[in-house]
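This briefing is intended to be read alongside the sequence and the three-dimensional view.

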Amino acid sequence: MRIDNKDELQKYLTHIDILPDELTALERSELLAKGKEVDRMPCCLDGGETMAPMLGFSIKDYYFSSEKMCELEEYMYRTFGTDGVGVSCTLRGMAEAMGAKVRYFDHNIAQIIEPAFSLNEVDRAKRVNIDEDGRLPIILKGVDLVKKKIGHEVPVSATVTGPFTIAAMTVGTENLLLGTIRFPEKVHQLMEVIVENNNQYIKRLIELGVGIGFADPLSSTSVISVKQYKTFSFPYFKKNVDYIKSYGRGCGLHICGKSKKIWDLLPETGIGVFGLDDIESLQEAKDALSSKIGLQGNVPPIDVMLMGDPLDVILSAKECIDIGKGMPCGYTLTSGCQMPIGTPQENMHALMNASRIFGRYK
């Protein structure tokens, strides 16, 4: 079906009824995993702390309340029907547990204000206690609450930060990048500690029975070279993935920014799903990766989800759906990164409805 502009889309929409979902999100996920027929293409809303103001929470309050984390995820599922919910460690969570200082804001995401230590002090790298350090206990309780509250209806996952990104948050991005050139042995030493810390956290997530995804923006080739990725990121990320697979589980990965130059390496990490940034081409990713791993993305989170109107969202989503249909290892419609603060709820409804209109399998 060819629809090229908003006028054509508006005319089309006036003549159709949006059919309701026939399955719960969990039923849809379980059937897809078995290669069975489902009602529509899965679609997930990438939210988290940026969605907290939608329920009247300050972002700072959200960060420190397991109950608010759960309330938000239930709202996202009950209101929009998203095919996945979960709670993130956030990019700064593990670094804070290792000693980095974080500043929290009512109306913005948290920021690192002081590294935990310098690379020259890497012997101070801390083995965390996930039940005591930083916000990790709060986050894990939030994950547990979500799982118990709605895990019987919708897949629940938790986001873990990629090791290289944790390293950047722990010692400072500029210091880490310089260290890969001047003090590579110290970077490797730090990465080993981070892998161990991540594995502790991952073990608890597996015990809670939730899915696992990674966010690793500092592994983008917008930031580091392919050589740096191969040397300082890939082997340590793979250790975390191997640990997950040792439990018979799988995981996914999202990298913000450019990633095309390392696409050939991603299947070797052992991940099952890759979420690409909207800066990259979904068609090119399909051609390169879809026979090996599942894909998700990549409706623009700012230009479309935040700044567009519902018709813009549906048009962009339809383009993704047309590419995503028939991918051998599966495709999930979502935004190319986390939706920003202030994303209109009508645009979230539009994204979900795009899967109900154009993503139907029968």
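R135 counts as buried, because its relative accessibility of 3% falls under the 20% cut-off. The model discussed here is a predicted one. R135 is placed in the loop that runs between β3 (111–114) and α6 (136–150).

**R135 and its surroundings**

- The side chain of R135 comes to 2.9 Å from the backbone oxygen of Y63.
- The side chains of R135 and T90 are joined by a polar contact of 3.3 Å.
- Leaving aside residues up to four places away in sequence, R135 is in contact with Y63, F64, M69, C89, T90, E96 and Y104.

- T90 belongs to helix α5, which covers residues 90–97.
- With a relative accessibility of 7%, T90 is classed as buried, as is R135 at 3%.
- The phi angle of T90 is near 65°, a positive value in a residue that is not glycine.
- Most residues other than glycine have a negative phi.

**S58**

- S58 sits in the loop between α2 (25–33) and α3 (59–63).
- S58 is buried, because its relative accessibility is 14% and the limit for that class is under 20%.
- The side chain of S58 reaches the backbone nitrogen of D61, at a distance of 2.9 Å.
- When residues up to four places away in sequence are not counted, the contacts of S58 are A52 and D106.

**E27**

- E27 is located in helix α2.
- A relative accessibility of 37% makes E27 partly exposed.
- E27 and C89 are 62 residues apart along the chain, and their C-alpha atoms are separated by 26 Å.
- C89 is also one of the residues that R135 touches.

**S157 and strand β4**

- S157 is part of strand β4, which spans residues 156–161.
- S157 is partly exposed, with a relative accessibility of 31%.
- Although S157 and G211 are 54 residues apart along the chain, their C-alpha atoms are separated by 4.1 Å.
- With residues up to four places away in sequence set aside, S157 touches V85, G86, V87, V210, G211 and I212.

**R249**

- R249 is found in the loop between α10 (226–245) and β6 (252–255).
- The relative accessible area of R249 is 26%, so this residue is partly exposed.
- The side chain of R249 reaches the backbone oxygen of V210 at 2.4 Å.
- Residues touched by R249, not counting those up to four places away in sequence, are I206, G209, V210, G211 and I244.
- The C-alpha atoms of R249 and I293 lie 15 Å apart, and 44 residues separate the pair along the chain.

**The cis peptide bond**

- Which form does the peptide bond from G297 to N298 take, cis or trans? The bond is cis, and its omega is near -25°.
- Most peptide bonds are trans.
- N298 is placed in strand β8, which comprises residues 294–299.

**The chain as a whole**

- The protein chain contains 15 helices and nine strands.
- Its radius of gyration is 20 Å, close to the 21 Å given by the globule rule for 362 residues, so the chain is as compact as a globular protein of that length.
- Taken along the principal axes, the C-alpha atoms fill a box of roughly 65 × 40 × 40 Å.
- Of the 362 residues in the protein chain, 54% are buried.
- Among contacts with a separation of 6 or more, 72% are between residues 24 or more positions apart.

**Surface and charge**

- The protein chain exposes about 15300 Å², and carbon and sulfur atoms supply 50% of this area.
- How many positive and how many negative side chains does the protein chain have? There are 41 positive and 48 negative side chains, and the centres of the two sets lie 4 Å apart.

Technical notes
Residues numbered from 1 in each chain as written. Predicted model: local features only at pLDDT ≥ 70, side-chain atom pairs only at ≥ 80, totals over all residues. Heavy atoms only, no water. Helix = DSSP H or I, 4+ residues; strand = E, 2+ residues; numbered from the N terminus. Buried < 20%, exposed > 50% of the residue type's maximum accessible area, 1.4 Å probe, protein only. Polar contact = N/O pair within 3.5 Å; in protein donor to acceptor, adjacent residues only side chain to side chain. Contact = heavy atoms within 4.5 Å. Rg over C-alpha atoms; globule rule 2.2 N^0.38 Å. Areas by Shrake-Rupley, 256 points an atom, 1.4 Å probe, with all protein chains shown as cover. Lys, Arg positive; Asp, Glu negative; His and termini not counted. Charge placed at Lys NZ, Arg CZ, Asp CG, Glu CD.
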